[in-house]
Amino acid sequence: MKFKLRAGMVGGGKGAFIGAVHRIALNMDGLIELCCGALSQNPEKARESGKELFLPEDRVYDSYEEMIKRESELPEDQRMHFVIIVTPNFAHFEPAMMALEHGFHVMIDKPMTLTLEQARALKAKVDETGLLLGLTHTYSGYPLVKEAKKMVADGKFGAIRKIYVEYPQGWLSQFSEADGNKQAAWRTDPSKSGKAGCMGDIGTHAAHLAEYISGQKIVKLCADLNIVVPGRLLDDDGAMLLKFDKGASGVLVATQVAAGEENNLKIRIYGEKGGLEWNQQEPNTLLVKWLDAPTQVYRTGNGYLSPIAQFNTRTPGGHPEGYLEAFGNIYRNFVLALSAKLNNETPDPLIDYPTVEDGVRGMAFIDNVVASAQSDQKWWDYVV
């Protein structure tokens, strides 16, 4: 790559948690320059945010519409290459679609859209334009998640039979949306978050991780959703049985009312010969369990790991890598793929990142879970 790729950000201004995380991730490898932004719906806040990020005054815009239109009019060697969207769910679709229509690639926070119909429309536009769309399903960026996926794909455990994934949090154990907690307020508001709360917020992460590592797709589910905290408008707890397309069955549990839990995402996958276990709160350790041998402990940063795990490792063994580094891997892989496309080159086969297809499956997950939970039917056929 002969130049940094230039990005414009929609949302993520002063006080926005996820916007700051995206900026740390995109800066991690020195491959991306944040060159412009429409950082808030409030023009004054947008300009203040732009100053804090040292953006040129003439490239801090009052709206995403203005940003996309004016950037598209700049010379090719000055305009942004892609748009980063870090707004709440309800404000994903329109800027993403407009960016694609004006020839810009897109990186977007998950879930991809507010509705499945919007997700399908974005995929159709990506297919039509040939542009790239990346999605920040961050947990697939960890080195040992890559290792787990490779071991399963290589048949180390034989045919996969059981998949257990759980994602307990406790931060919504109280009615926090009534106490000025902005994150709680929009994530539990159907007009901003969509038809699911907990399952849209973290259940989609759990489902994506299960499919990513196992290489299998969910085809049936039997779901139960709950609103535990009185007065809440969307689910804050749920569980489901799963059936996968290559014969595995599984269980997915996601809750945001497990008081005392932080971000305890964990997955266990078992095949004929053994299985594995990975926990996001201890991400540098992968337990590999065998039917007829002792359990092995795999650690990030060691030479015995596969090429794809090493490709996504940033520090030597014993130097912990975590959430920000995994987020950075998503960005780096997306940008390496985009750079190869811009240079008419074939991307390195070790590069992978969540795409528009993952975004559609994430929205399909939400639709199917809600439909199953509202139905008296035991097994719900998974529609994408």
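A residue is taken as buried when its relative accessible area is under 20%, as exposed when that area is over 50%, and as partly exposed in between, with a 1.4 Å probe and protein chains only. The structure is a predicted model, in which local features need pLDDT of at least 70 and side-chain atom pairs count only at pLDDT 80 or more, whereas totals for chains, interfaces and linings use all residues. Residues are numbered from 1 along each chain as its sequence is written, and side-chain values use heavy atoms, with hydrogens and water left out.

The secondary structure of the protein chain comprises 12 helices and 14 strands, these being DSSP runs numbered from the N terminus (helices H or I, at least four residues; strands E, at least two). The chain is as compact as a globular protein of its length, because its radius of gyration of 21 Å is close to the 21 Å that the globule rule gives for 384 residues; the radius is taken over C-alpha atoms, and the rule is 2.2 Å times the number of residues to the power 0.38. Along the principal axes, the C-alpha trace spans about 65 × 50 × 40 Å. Of the 384 residues, 54% count as buried, and 68% of the contacts with a separation of 6 or more are made by residues 24 or more positions apart, a contact meaning heavy atoms within 4.5 Å.

Among the buried residues is S49, which has a relative accessibility of 3% and is found in helix 2 (residues 43–52). The side chain of S49 reaches the backbone nitrogen of K14 at 2.9 Å. When neighbours within four places in sequence are left aside, S49 is in contact with G13, K14 and L39.

The peptide bond from K110 to P111 is cis, with omega near -10 degrees, and P111 has its place in the loop between strand 4 (105–108) and helix 5 (116–129). F54, although not a glycine, has a positive phi of about 60 degrees; this residue is found in the loop between helix 2 and helix 3 (64–72) and, at 77% relative accessibility, counts as exposed. A positive phi, near 55 degrees, is also found for N344, a residue other than glycine, in the loop between helix 11 (323–342) and helix 12 (356–374). N344 likewise counts as exposed, at 74% relative accessibility.

Technical notes:
A polar contact is a pair of N or O atoms within 3.5 Å; within protein, one must be able to donate a hydrogen and the other to accept it, and residues adjacent in sequence count only if both atoms are side-chain atoms.
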